[in-house]
Each structure stands twice: as C-alpha cells, then as structure tokens.
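Hello,

Here is the structure I promised to pass on to you. Please open it alongside this note, and you can follow the findings below as you read.

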Amino acid sequence: MKRALVTGGQSGIGAACIERFKAEGIETISLDLHKDADLAVDVSDSAAVSKAIAAAGPIDILVNCAGVVGPTTPLWEIEAADWDKTFAVNVRGTFNTCHAVIPGMIERKWGRIVNISSVAGKEGNPNLSAYSASKAAVLGLTKSLGKELAQKGVVVNAITPGVIATPMNKDTSEQLLEYMISRIPMGRTGTAVEVAALIYWLSSDQCTFSTGSVFDISGGRTTY
Ligand code: NAD
C-alpha cells in the first residue's frame, strides 16, 4: 500500500485529496497547523518538519497543499514581515517537505510529488503580489526538481488551480473574488473534488512521462 503525506490536509483541497486517496486505497498522513492533523506541525519550521516526517516513516507520495494568501494590499503597503511569512509557508514549506521525503523516494526508486501553485503564479493577481510571487517560486522549484529527479523514478509536477471554492477564499473581498471569477471562461469556481482528481492522477502509476510540468485547472483561464 502506498503512503501519502498531504500538507494542509485539514481543509479545502488537501482534505479533498486525502478523501480521494483513502477511496483509492492509499494510506494518508496529514501535516497541518490544525491540532487534529496526524502531524500538527508548521510547514515553515524546517526542524519540526524534518523530525515529524522522519518519525512518520516512508512516504511515497507528497502533496504540498499548505498555503496562505498573505497580504491583500498593493505591494507598497505590504509589511516586510508579512511578505516573508507568505514565502515561509508557500515556498520554504514546500522546500522543507521535499527535502525531508526525497532521499527515501530515491532509495526506493519511486516517488510522486505534487506542488500546488496557482494561476496567480503565472499571471500575478493585483493586490496579491506576495502570494503571486510565492506561487511563481513554487513553479520554478518544481521545474528544477523535476529535472534533478528525472532518472530516479521520482516525478514532480505542479498544478495551477484557478478560484476553487474552499475556506481559503472566505476572507477574500467580494470585489477581488468577482474579478477573479470574471476571468474564468467557464464562469464558475472549481471544486476541491475536481482538483483532487488531477492530484490523484499525478500521484499515481499512470503518471510516468511527465515531470517538472505545470498542469492547469482553472476553468480555461490560464491555458498555457
Ligand atoms: P485552505 O485554507 O482551505 O487550506 C489550507 C490548509 O493549509 C489549512 O488546513 C491550513 O491550516 C494549512 N496551513 C496553512 N498554513 C500552514 C502552515 N504554516 N503549516 C501547516 N499547515 C498550514 O486552502 P485551499 O484552498 O485548500 O488551498 C490549498 C492550496 O491550494 C494552497 O497552497 C493554495 O494557495 C492553493 N490554491 C488555492 C486556490 C483556491 O482558490 N482555493 C487557488 C489556487 C491555489
């Protein structure tokens, strides 16, 4: 039985992913700030992540879902600490978990890593510069890492969801949400279940000739 670690697994896309993995017979471990997570850890804390993952045992599939929106103001009004915090969770968090699981994947010659970026990382959303830049960084990380692992049986891909109806959007202003939906050709938000279906495929034995790639799931918004 394959074992999957899903960060941000207590909510939204991560929770839907865990549900899908369980339905497919995959053992799942959630890593989340939430106290009910299997590993209740801050993903940005390198030492805590490395310790928790070492104790959890072998991981075959890693899904990096933990993420924060960060500041929602024009760049010149962002506090440096808030900029750093966004990068600590969205980028350093992804680095931390990859760093901890990859040696075992290489040893076992099999691994699947799925990093959750965003359409914001391709296009940049106004008043979301920290988030957009951090999600672009996740794409760069994925492209480099995919090449580093290309001959080791470990494939690494990223996905770029558009607006997905999850708790993450609950604090997004109605104006910003309307702007984002207005840019989706399908004219609706996506669901976490739809995103989990793509993550499942990218985590499976069916995904064998794609690595360092970016898969879009945005209702037609960012078709590149
Ligand atoms: P969500 O807010 O529903 O879930 C995020 C989860 O991450 C929460 O359970 C939260 O506790 C956890 N988390 C946050 N900071 C953490 C930390 N420091 N350490 C450990 N866990 C932490 O959000 P979601 O919509 O499910 O988003 C999942 C991923 O998808 C995020 O990376 C997000 O940026 C990305 N994404 C979401 C959307 C969307 O519209 N919802 C669109 C594009 C990309």
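A quick convention before the details: a residue counts as buried when its relative accessible area is under 20%, as exposed when that area is over 50%, and as partly exposed in between. With a relative accessible area of 27%, W83 is therefore partly exposed. Please also keep in mind that this is a predicted model.

W83 belongs to helix α3, which covers residues 80–108. The ring of W83 pairs with that of F87, and the two are stacked, with 5.3 Å from centre to centre and 20° between the planes. W83 and F87 are 4 residues apart in helix α3, so about one helical turn separates them. F87 is partly exposed too, at a relative accessible area of 22%.

What does W83 touch beyond its neighbours within four places in sequence? The contacts are L75, I78, S129, A130 and A133. For A130, 47 residues away along the chain, the C-alpha atom is separated from that of W83 by 5.6 Å.

The crossing is right-handed. On the α3 side, the residues that meet α5 are W83, T86, F87, N90, V91, T94, F95, C98 and I102. Their partners in α5 are S129, A130, Y131, A133, S134, K135, A137, V138, L141 and L145.

T94 deserves a look of its own. This residue is also in helix α3. Is T94 buried or exposed? Its relative accessibility is 5%, so T94 counts as buried. Leaving out residues up to four places away in sequence, T94 touches N64, V89, N115, V138 and L141.

Helix α3 has another partner in helix α2, residues 46–56. Here the axes come within 9 Å and cross at roughly 35°, and the crossing is right-handed. The α2 residues S46, V49, S50 and I53 meet R92, N96, T97, A100 and V101 of α3.

F21 is in helix α1 (residues 12–23) and Y200 is in helix α7 (residues 192–202), so the pair ties together parts that are 179 residues apart in sequence. F21 has 0% relative accessibility and so counts as buried.

The axes of α1 and α7 come within 8 Å and cross at roughly 55°, which makes α1 oblique to α7. This crossing, too, is right-handed. From α1, the contact is made by G12, I13, A16, C17, R20 and F21. From α7, the residues taking part are A192, V193, V195, A196, A197, I199 and Y200.

The charged end of K2 sits over the ring of W110, at 4.4 Å from its centre. K122 lies over the face of Y224, with 4.9 Å to the ring centre.

Finally, have a look at D32 in strand β2, which spans residues 27–32. D32 is buried, at a relative accessible area of 15%. Apart from residues up to four places away in sequence, D32 touches G8, G9, Q10, A37, L39, A40 and V41. D32 and A66 are 34 residues apart in sequence, and their C-alpha atoms are 7.1 Å apart in space.

Note on methods
Residues are numbered from 1 along each chain as its sequence is written. This is a predicted model: local features need pLDDT of at least 70, side-chain atom pairs count only at pLDDT 80 or more; totals for chains, interfaces and linings use all residues. Side-chain values use heavy atoms; hydrogens and water are left out. Helices (H or I, at least four residues) and strands (E, at least two) are DSSP runs, numbered from the N terminus. Buried means under 20% relative accessible area, exposed over 50%, partly exposed in between (1.4 Å probe, protein chains only). Rings of Phe, Tyr and Trp (its six-membered ring) pair if their centres lie within 6.5 Å; planes under 30 degrees apart count as stacked, over 60 as edge-to-face and the rest as tilted. A charge sits over a ring if NZ of Lys or CZ of Arg is within 6 Å of the ring centre and within 35 degrees of the ring normal. Axes are lines fitted to C-alpha atoms, for helices over the stretch in contact, and angles run from 0 to 180 degrees between N-to-C directions. Angles under 35 degrees count as roughly parallel, over 145 as roughly antiparallel, 65 to 115 as roughly perpendicular and the rest as oblique. A crossing is left-handed if the near helix is turned anticlockwise from the far one by less than a right angle, and right-handed if clockwise. Contact means heavy atoms within 4.5 Å.
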